[in-house]
Amino acid sequence: MTTIIIWSVALLAILGILIGILLGVAAKAFEVETDERVIQVRECLPGNNCGGCGYPGCDGLAEAIVAGNAPVGGCPVGGAAVAGKIGEIMGVDAGSAVKKVAYVKCAGTCEVASNKYNYVGEMDCRRAVMVPGRGDKACSHGCLGLGSCVAVCQFDALSIVDGIAHVDKEKCVACGKCVSTCPNNVIELIPYEASYAVQCNSKDKGKEVMSVCKAGCIGCGLCVKQCEFDAVKVENNIAFIDAEKCQGCGKCAEKCPKKIIQAV
């Protein structure tokens, strides 16, 4: 009996060794070589795996950068600092990666925006726009204030204040999830260093805007006339500020009759 046990243990040990050797040989034979730069680039990335770059997490972005399918500044969270490090690894100029932040193009708070009806349903902007009139607000271009953007933000940078979304620019990493989630395209990414932006999203004409919101842009063009740097335009009935040209003088904001050009 003892002999059988000894032989059984010995046989199992030999089989274990043989299987280990075979697995080692197989791993070597089928090994997929990984570019060392992928590992180096991945170590530079912040690891948020937010998907703001358009790739499946930081691993996906690292592989895309090394493969030449994504720019070295492809990480919106890392900004210029990370782009510079990755540029050194890849041997290319990182360029001028501009830090960005989400901005809500709506000033239609509960006090100034009119409602068509009282919405009763799931607190989700994407569901609300499916009902007649695209939600309860009379302005079909504004923030619905139901918090879909808040729900997708991993960084606690968004909140609903007085019926509209509000961004904490110090917490925002510009991952872009709120931008893609908003059904009315009210949120956009602007340079963190931008001085002023237009807090309205309506493309309607002035009379229509005033009938639904006291704080909407009426496209009057007074801001354009005040700007000495050709930074302000009115397109599709709404003012637009070119952040690269804007010098932050504030004259457009002072002259705006609706006060929807705000310092950011």
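This is a predicted model: local features need pLDDT of at least 70, side-chain atom pairs count only at pLDDT 80 or more; totals for chains, interfaces and linings use all residues.
## A well-covered helix

Let's start with helix 3, residues 57-67, where 8 of the 11 residues are buried, so most of this helix is covered. Here, buried means under 20% relative accessible area, exposed means over 50%, and partly exposed is in between (1.4 Å probe, protein chains only). Helices (H or I, at least four residues) and strands (E, at least two) are DSSP runs, numbered from the N terminus.

Which residues of helix 3 are buried? They are Gly57, Cys58, Gly60, Leu61, Ala62, Ala64, Ile65 and Val66. Helix 2 (36-44) and helix 4 (79-90) are included in what covers them.

Residues are numbered from 1 along each chain as its sequence is written, and side-chain values use heavy atoms, with hydrogens and water left out.

## The whole chain

Now zoom out: the protein chain has 10 helices and 8 strands. Its radius of gyration is 27 Å, well over the 18 Å that the globule rule gives for 264 residues, so the chain is more spread out than a compact globule. That radius is taken over C-alpha atoms, and the rule is 2.2 Å times the number of residues to the power 0.38. Along the principal axes, the C-alpha atoms fill a box of roughly 100 × 50 × 25 Å.

How much of the chain is buried? Buried residues make up 39% of the 264. Contact means heavy atoms within 4.5 Å. Among contacts between residues at least 6 apart in sequence, 57% join residues at least 24 apart.

Ser202 sits in the loop between strand 5 (196-198) and helix 8 (206-212). With a relative accessibility of 3%, Ser202 counts as buried. Its side chain reaches the backbone nitrogen of Asp204 at 3.2 Å. That is a polar contact, meaning a pair of N or O atoms within 3.5 Å; within protein, one must be able to donate a hydrogen and the other to accept it, and residues adjacent in sequence count only if both atoms are side-chain atoms. Leaving aside neighbours within four places in sequence, Ser202 touches Cys139, His141, Val209, Asn237 and Ile238.

Asn184 is in another loop, between helix 7 (177-181) and strand 4 (187-191). Asn184 is buried too, at 8% relative accessibility. A polar atom of its side chain lies 2.8 Å from the backbone oxygen of Gly142. Beyond neighbours within four places in sequence, the contacts of Asn184 include His141, Gly142 and Asn201.

## Two residues with positive phi

Most residues other than glycine have a negative phi. Asp162 isn't a glycine, yet its phi is positive, about 55°. Asp162 lies in the loop between strand 2 (158-161) and strand 3 (164-167), and counts as partly exposed at 35% relative accessibility.

Lys259 isn't a glycine either, and has a positive phi of about 60°. You'll find Lys259 in the loop between helix 10 (251-255) and strand 8 (261-263). Is Lys259 buried or partly exposed? At 45% relative accessibility, Lys259 counts as partly exposed.
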